[in-house]
Amino acid sequence: MCEFCRQIPCHPRCPNADEPIFKHYCSSCREGIYEGEEYIENDDGEYIHYDCPTTRELVEFLGYKIQTMRGEDY
């Protein structure tokens with residue numbers, strides 16, 4: 001049992017707690033994607049937290065082209 005947090009294993013905020021392990025970084029915020037967090041993977045093998053991107057970032061991350069409607073398009 002930990003002498004600081006009195007838990008086994010240590011509470012995540014305990015100074016004795018192990019650093020959390022992650023396998024991928026978020027392409028938007030550049031933070032790790034940890035166990036239990038939701039994420040999206042695009043066709044290029046890049047990862048992004050589910051809650052990170054704005055709509056524009058998400059569309060670009062998924063590889064779609066953003067276009068502007070013009071008068072001649074009608």
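How many positive and how many negative side chains does the chain have, and how far apart do the centres of the two sets lie? In this predicted model, the chain carries 7 positive and 16 negative side chains, and the centres of these two sets are 4 Å apart.

The secondary structure consists of 1 helix and 4 strands, and these elements follow one another along the sequence in the pattern β-β-β-β-α. The chain is more spread out than a compact globule, because its radius of gyration is 20 Å, well over the 11 Å that the globule rule gives for 74 residues. Along its principal axes, the C-alpha trace spans about 70 × 20 × 15 Å.

Some values for the chain as a whole are set out here.

| Property of the chain | Value |
|---|---|
| Share of the 74 residues that count as buried | 19% |
| Share of contacts between residues at least 6 apart in sequence that join residues at least 24 apart | 7% |

One residue can be followed in detail. His-49 belongs to strand β4, which covers residues 47-49. His-49 has a relative accessibility of 10%, and it therefore counts as buried, since the cut-off for buried is under 20%. A polar atom of the His-49 side chain lies 3.3 Å from the backbone oxygen of Gly-32. When neighbours within four places in sequence are left aside, Gly-32 is also among the residues in contact with His-49, together with Cys-26, Cys-29, Glu-31, Ile-33, Glu-37, Glu-38 and Tyr-39.

Terms used:
Residues are numbered from 1 along each chain as its sequence is written. This is a predicted model: local features need pLDDT of at least 70, side-chain atom pairs count only at pLDDT 80 or more; totals for chains, interfaces and linings use all residues. Side-chain values use heavy atoms; hydrogens and water are left out. Helices (H or I, at least four residues) and strands (E, at least two) are DSSP runs, numbered from the N terminus. The radius of gyration is taken over C-alpha atoms; the globule rule is 2.2 Å times the number of residues to the power 0.38. Buried means under 20% relative accessible area, exposed over 50%, partly exposed in between (1.4 Å probe, protein chains only). Contact means heavy atoms within 4.5 Å. Lys and Arg count as positive and Asp and Glu as negative; His and the chain ends are not counted. The place of a charge is taken as NZ of Lys, CZ of Arg, CG of Asp or CD of Glu. A polar contact is a pair of N or O atoms within 3.5 Å; within protein, one must be able to donate a hydrogen and the other to accept it, and residues adjacent in sequence count only if both atoms are side-chain atoms.
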